[in-house]
Amino acid sequence: MEKQTFTIPNISCSHCTKAVENELLEMDGISSVYSDVETKSVTVQWDTPASLEKILAALEDINYPAAQ
Amino acid sequence: MSQQKKTIPVRGMTCANCAMNIERTLNKKVPGIISASVNFASEQLSVEYESSETSLDEIAKAIQKAGFEAVLPDESGGNEDAEQLARAAEIKNQTVKFAVGAVFAGILFVLSMSRDFKLIGQWSHDPWVNWFFLFLATPVQFYTGWDYYAGAFKNLRNKTANMDVLVALGSSVAYFYSVGVMIFPFLGDHVYFETAAVIITLIKLGKMLESRTKGKTGAAIRKLMDLTPKMAVVIKNDEEKEVPLAEVAEGDILLVRPGQSIPVDGEIIKGISSVDESMLSGEPLPVDKEPGDTVTGGTINQQGVLTLQARKVGKDTALARIIQMVQEAQGSKAPIQALADKTASIFVPVVMVIALITFALWWIIGGEFVPAMIRLVAVLVIACPCALGLATPTAIMAGTGKGAEQGILFKNSEALENTSKIQTVVLDKTGTITQGKPVVTDLIKISSNLKNETELLKTAASVEQGSEHPLGKAIAAHAQSQGLSFWNCDNFKASGGFGVQAVIHGKEVFVGKPGWFDKMEFSLKSVESEILRLQNQGKTVMIVVNDNELAGLIAVADTLHPDSVKAVDKLHRQHLEVVMLTGDNLRTARNIADQVHIKHIVSDVQPDEKSDKVKELQNQGKKVCMVGDGINDAPALAIADVGMAIGTGTDIAIETADVILSRGSLKGVSHAIDLSRSTMLTIRQNLFWAFFYNVMLIPVAAGILFPFESIPGFLRNLHPITAALAMSLSSFTVVTNSLRLYRS
């Protein structure tokens, strides 16, 4: 089980957090997602088949890229 | 298989990313979508879809699932109507909620006050009266007041406390405590239903007034988009073909006939004409164009047929960039939190702490639970000042009402608030400081065959009487204003972009620009210095030639608005920095600026650079007010802290602005600033008075006077009458204070 918090500069309202959560929760292997408008962050817990690369790609894909 | 293209209003978007969320949802999750694009600022979705695979209903469902609301057009009306209907529905919703609150709370208030002040008989203390009160208060609490519960919940989740929290908490405590009293008599003997209902109703009144005055930004952007034609004529292999604008590519050769809008930004390769760029630049005079010149999409071709090569299409055109800037500026404008909310964010937690301390102390010292709880309720009820609901709306109503009387329309309360903080006023030159239309300024007779200047004017005006050109119109209008009649003329002929000619009394008369006569090899050497002198003053010079002899010169210029000098002086006296912004060169700009005593000039500004200049001033930490009238001013109007549109300006400017000066005079700017300053002062005074009585009584409610036995009982234990009196007094003070603004 891996857990990491990403900062996503594009998050600017509660709809954004919902969109990020919905997208990630649809991926296989993701067990929990929590995103926060105030800190513009999302905390993800995952297991294989999900991976850091896949998560970053998914975020990139929906136009909420994580800050490096 | 048939493709459908629709534009649907979408509500509920709170940031620019929301628009992208919707686009993505549609493209990914709805089959049959060909393209979907959502405009955040205009709240519109443009969608193209295969009608055999999906329907508008399914699209709306997908949007709803993503957390937004699509407003589908009803069968009778078009899309534009659907948006209007949605806005009207919102106003109606607020109005109905307020009306329900007003009726029920009104009856409740009158009955309850009459009972407390013993104006009606003993029957009013019968138990059924309390149940009747409950019946009256419940719809107000949960129908009219529902928005506050929802708002308070959202706020608390974000760990802030605003007005909604105060309203929801205060009214709920009053309401539920009263219900408790009726079920468990040991809790007390007085109900506070009217307090709860009146608080909610008064604050709803403010919300209703606000929803009625909301700005219409969506319509503004649609108007801009409507400027470009939907179709363009493309020449391919020597054949003319009409194609949709979206299919025009860079490098295409386009044909634009007289009277048509120019579809894209391009370069003229054939033809001479003049182009009306007023909607873009605000400049009143058409600009002459010949091969090699550039033209801008959205401007209107006047007389000649133009062939042009498309240089910039789609998102790259100047107009598209202006539209985008307006959208971004509107999207980035952070909503100003209401003053009442700011006060509440401190006040609410403080009151809650006081209430809890009161409860704890009474329980520990007194040793009994019920009296301690009654104290807690008393503190919360007395602390929820219903005058707070009146403080802002009444002052804003009085302020905006007074403004409307003077021709100053504030679009919303934020505009009113922001106007009071302005430090720098940026004035657009043409149409704002000046009248924005050409008038004759100089008549110089040269030929000795003419009796006087009047005859020169009459000659030129007789030729120009049939002219459609603004310069010609200015000459004809000037002659008419002098009471001159026109001579008959024959063989009238206009040479596009140069001038006009006609035969009067058998003699050929030419009226036109100096360049025309150079081309005809007619020497203007004798008046060269005179022409230069007039041009240096920013004037347009026309030459009149009668029977092959130089008759005279007529200069035409945009002149100062009669109020401008006084208006700018007044702004200086208000300690405001005044800046003039113009696309003209510094020489012409300086000429106008000197006349109105403006020191700061920003000249040679391209139409799409105006908002950058405003931003620069803002980056220096200044609160900037932009005053303008043209489409090119719209982005600057939107990005400025306050945008003011001169009432005679273009629709787009008027709709983008926060404040409209409907009398078309610059004097409105200083009036608006004066008015907003005094309105904000009134609001602050109101907030003070709204809190004053209640804050004074909080210690009383907490029981601070209880130990002093010589003090009357209604003060030792907070009596409902004391609470009612405080409420009435604070409301009365606030309303009277606001009305003072209207009378001043």
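Which two helices of chain B have axes that come within 7 Å, and at what angle do they cross? Hold that for a moment while I cover the ground rules.

This is a predicted model: local features need pLDDT of at least 70, side-chain atom pairs count only at pLDDT 80 or more, and totals for chains, interfaces and linings use all residues. Residues are numbered from 1 along each chain as its sequence is written, chains are lettered from A and ligands numbered from 1 in the order in which they are written, and side-chain values use heavy atoms, with hydrogens and water left out.

Back to the helices. They are helix H20 (residues 564-573) and helix H25 (residues 667-702) of chain B, and their axes cross at roughly 30 degrees. Helices here are DSSP runs of H or I with at least four residues, strands are runs of E with at least two, and both are numbered from the N terminus. An axis is a line fitted to C-alpha atoms, for helices over the stretch in contact, and angles run from 0 to 180 degrees between N-to-C directions. H20(B) and H25(B) are therefore roughly parallel. The cut-offs: under 35 degrees is roughly parallel, over 145 roughly antiparallel, 65 to 115 roughly perpendicular, and the rest oblique.

Who makes the contact? From H20(B) come B:Ala567, B:Lys570 and B:Leu571; from H25(B) come B:Lys667, B:Val669, B:Ser670, B:Ile673 and B:Asp674. Contact means heavy atoms within 4.5 Å. By class, that is four nonpolar, one polar and three charged residues. Nonpolar covers Ala, Val, Leu, Ile, Met, Phe, Trp, Tyr, Cys and Pro; charged covers Asp, Glu, Lys and Arg; the others, Gly among them, are polar.

Next, salt bridges. The whole structure has 14 of them over all chains. The criterion is a side-chain nitrogen of Lys or Arg within 4 Å of a carboxyl oxygen of Asp or Glu.

One of them joins B:Lys28 and A:Glu23, at 3.1 Å from N to O. This pair crosses between chains, from helix H1 (residues 16-29) of chain B to helix H1 (residues 14-25) of chain A. Is each partner buried or exposed? A:Glu23 is buried, at 14% relative accessible area, while B:Lys28 is partly exposed, at 45%. Buried means under 20%, exposed over 50%, partly exposed in between, using a 1.4 Å probe and protein chains only.

Now one within chain B. B:Lys610 and B:Asp428 form a salt bridge, with the closest N and O atoms 2.8 Å apart. B:Lys610 sits in helix H22 (residues 610-619) and B:Asp428 in strand S15 (residues 424-428), so the pair ties together parts 182 residues apart in sequence. Both residues are buried. They also belong to a salt-bridge network with B:Asp633.

On to the strands of chain B. There is an open sheet of six strands, in the order S6-S5-S7-S13-S8-S11, with antiparallel pairing. Its edge strands are S6 (239-244) and S11 (294-295), each pairing on one side only. Two strands pair if DSSP finds at least two bridges between them. Inside this sheet, four bridges join S7 (residues 253-256) to S13 (residues 306-312). There, B:Ile253 stands opposite B:Gln309.

S18(B) and S19(B) make a hairpin with two residues between them, and B:His505 in the turn has a positive phi of about 50 degrees. S19(B) also pairs antiparallel with S20 (residues 540-546), through four bridges.

Most residues other than glycine have a negative phi, and most peptide bonds are trans. B:Asn237 has a positive phi of about 50 degrees. It lies in the loop between S5 (231-236) and S6 of chain B, and is exposed at 73%. B:His597 also has a positive phi, of about 60 degrees. That residue is partly exposed at 43%.

Last, chain A. It has two helices and three strands, in the pattern β-α-β-β-α. Of its 68 residues, 41% count as buried. Its cis peptide bond between A:Thr48 and A:Pro49 has an omega of about 10 degrees. A:Pro49 is in the loop between S3 (41-46) and H2 (52-61) of chain A.
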